[in-house]
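Dear colleague,

Please find the structure below, handed over for your reference. A short account of the findings comes after it.

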Amino acid sequence: MTGVWRAPGRVNLIGEHTDYNDGLVLPFALSQGVTVSGCRRDDDVLEMHSMGRMERVDLTVLAPGVVTGWAAYVAGVAGCLRDAGYAVGGATLRFASDLPQGAGVSSSAALECATAVALAGLYELDVGGEELARIAQRAEHEYAGVPCGILDQSASLLCRADHALLLDCRTGAAAHVPLRLGDHRVLVVDTRAGHRLGDGEYASRRSCCEEAARALGVGSLRDVTDPEAGSLPDPVMRRRVRHVVQENRRVEKAVDLLSRGEIAALGPLLTASHVSLRDDYEVSWPQADVAVDAALAAEACGARMFGGGFGGSVLVLAHRDALADVRAAVDTAFDGRGWAAPRYLETTASAGAGPAQEE
């Protein structure tokens, strides 16, 4: 059996670092993503090809650490599917991507989700998108060593075209919120500052939140209502809690605005999210801060960093007539600091993973 499948990258409109705190997120899927062509094999060998590289692993001896680098994301999905009781055997998989690497648009989750839908298709598995998202997340935890939340995998697998996905990361409940941009556009600014989550900073933020929840006597920060968390003696921990509590509220406000078609009013929420990520969660980086400031000075409605932080991209919401000015302002700001010119991606909300459509 053979086939071709595709899984998109994602942009998180708002709701950052809330997913692993059982909170609310509001991503949408990009039109860009990872495509995989594959065929079944009559052995238990997983053969993986990407950009001229090839890795092979015997699935009967697969375990975390056996495969490293990009192939760990692919093999991890196969391993976690088998661990979950699904009859997955060998396959030859060939990957191609039009997602910018290191830009924070979740190329790793797209790789995992493309693998998941490909193996499910090749082996005719009866498994839904929600379960595939959990399996892909588990693969990233166990095989890539990144303790990510469920946001990226859910967005890649569950999103609908022209909608954002409101995901309650505690219950798993998902709702599709119309994303009617009208005369406005969402612009992704790839700051070209490398996006790295495996260096411990992401894990540090997550463990801090877990420690804060224990200190406050709750199961997760989703249960906290006081954004100041005054009973916590550690000021750093209080800032982390404040971001999570207020970010969940911003997601709720964003959904209300989108439901009423008030897209421009979303801008101040995006900017407030960035300020919180910069000052309270401390995951922003210089290029992101400069890009946000330059975009706002050029009359963007709002802008913020998105993704795990420490590099990657900025999301800008602007009227279509302001896009050229926004780009020029960001370019000038980067050039004045001697930074590499940013790259731009004007996006639309696309459908989640599945069989690739015929060209």
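Predicted model: local features only at pLDDT ≥ 70, side-chain atom pairs only at ≥ 80, totals over all residues.

Residues are numbered from 1 along each chain as its sequence is written, and side-chain values use heavy atoms, with hydrogens and water left out.

Four strands form an open sheet in the order β9-β10-β8-β11, with antiparallel pairing. Strands (E, at least two residues) and helices (H or I, at least four) are DSSP runs numbered from the N terminus, and two strands pair if DSSP finds at least two bridges between them. At the edges are β9 (302-306) and β11 (343-347), each pairing on one side only. From one strand to the next, the twist averages 25°; angles run from 0 to 180 degrees between N-to-C directions, with axes fitted to C-alpha atoms, for helices over the stretch in contact.

Eight bridges join β8 (residues 184-193) to β10 (residues 312-319) in the antiparallel sense. Leu187 stands opposite Val316 in β10.

Helix α8 (residues 286-297) packs on the sheet and touches β8, β9 and β10, contact meaning heavy atoms within 4.5 Å. The direction of α8 makes about 165° with that of β9. Helix α9 (residues 323-336) lies across β8, β10 and β11, at about 15° to β8.

Glu299, in the loop between α8 and β9, has a positive phi of about 70° although it is not a glycine.
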